[in-house]
Amino acid sequence: ATYWGTWVSCEEFEPKGQVWEINPYTGETKKTVLGANGGNYESFAYDARDSSNPTFYVTNDSRWGAMLRFTPNEKVVAAAERT
């Protein structure tokens with residue numbers, strides 16, 4: 001679960017796997033920017049020790065799979081924190 005109360009799931013579907021964010025209270029789902037290009041995503045993690053500058057990670061499920069890192073724009077994070 002994320003510190004803002006949602007759940008993130010990685011789903012492999014052919015070569016176009018995605019990373020989805022789910023709100024367990026409303027059932028709302030949306031594809032995240034982490035999965036924008038598709039891939040065999042296997043896991044998701046984040047580092048929010050500094051909540052104004054979180055970093056998100058996904059891993060690619062293959063023998064030579066990469067770990068992808070995403071750090072959002074500080075203004076986007078600040079706007080999200082106000083909602």
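This report describes the core, the charged side chains and selected residue positions of one predicted protein model.

Because the model is predicted, local features need pLDDT of at least 70 and side-chain atom pairs count only at pLDDT 80 or more, while totals for chains, interfaces and linings use all residues. Residues are numbered from 1 along each chain as its sequence is written, and side-chain values use heavy atoms, with hydrogens and water left out.

**Nonpolar core**

The largest nonpolar core has 7 residues: Val8, Cys10, Val19, Leu34, Tyr41, Phe56 and Val58. Such a core is a set of buried Ala, Val, Leu, Ile, Met, Phe, Trp, Tyr and Cys residues joined through side-chain atoms within 4.5 Å. Two or more residues of this core come from each of the elements E1 and strand E5 (55–60). Strands (E, at least two residues) and helices (H or I, at least four) are DSSP runs, numbered from the N terminus. Buried means under 20% relative accessible area, exposed means over 50%, and partly exposed lies in between (1.4 Å probe, protein chains only).

**Salt bridges**

In the whole structure, 2 salt bridges are found. The term denotes a side-chain nitrogen of Lys or Arg within 4 Å of a carboxyl oxygen of Asp or Glu. In one of them, Glu21 pairs with Lys30, and their closest N and O atoms are 4.0 Å apart. Glu21 is buried because its relative accessibility is 14%, whereas Lys30, at 45%, is partly exposed. Arg49 and Asp47 also form a salt bridge, with an N to O distance of 2.5 Å. Here Arg49 counts as exposed because its relative accessibility is 77%, and Asp47 is partly exposed at 23%.

**Negative patch**

On the surface, a patch of negative charge is formed by Glu11, Glu12, Glu42 and Asp61. Patch residues have over 30% relative accessible area and no salt bridge; like charges are joined within 9 Å, and nonpolar side chains (Val, Leu, Ile, Met, Phe, Trp, Tyr) within 5 Å. Asp and Glu count as negative.

**Positions along the chain and in space**

Gly39 lies in the loop between strand E3 (29–31) and strand E4 (41–47); this glycine is buried, at 9% relative accessible area. Thr71 occupies the loop between strand E6 (67–70) and helix H1 (74–81) and is partly exposed at 39%. Glu81 is part of helix H1, and its 43% relative accessibility likewise places Glu81 among partly exposed residues. The table sets out one C-alpha pair for each of these residues.

| Pair | Separation along the chain | C-alpha distance |
|---|---|---|
| Gly39 and Asn60 | 21 residues | 6.7 Å |
| Thr71 and Gly27 | 44 residues | 26 Å |
| Glu81 and Trp4 | 77 residues | 8.8 Å |

Conventions: Areas by Shrake-Rupley, 256 points an atom, 1.4 Å probe, with all protein chains shown as cover. Charge placed at Lys NZ, Arg CZ, Asp CG, Glu CD.
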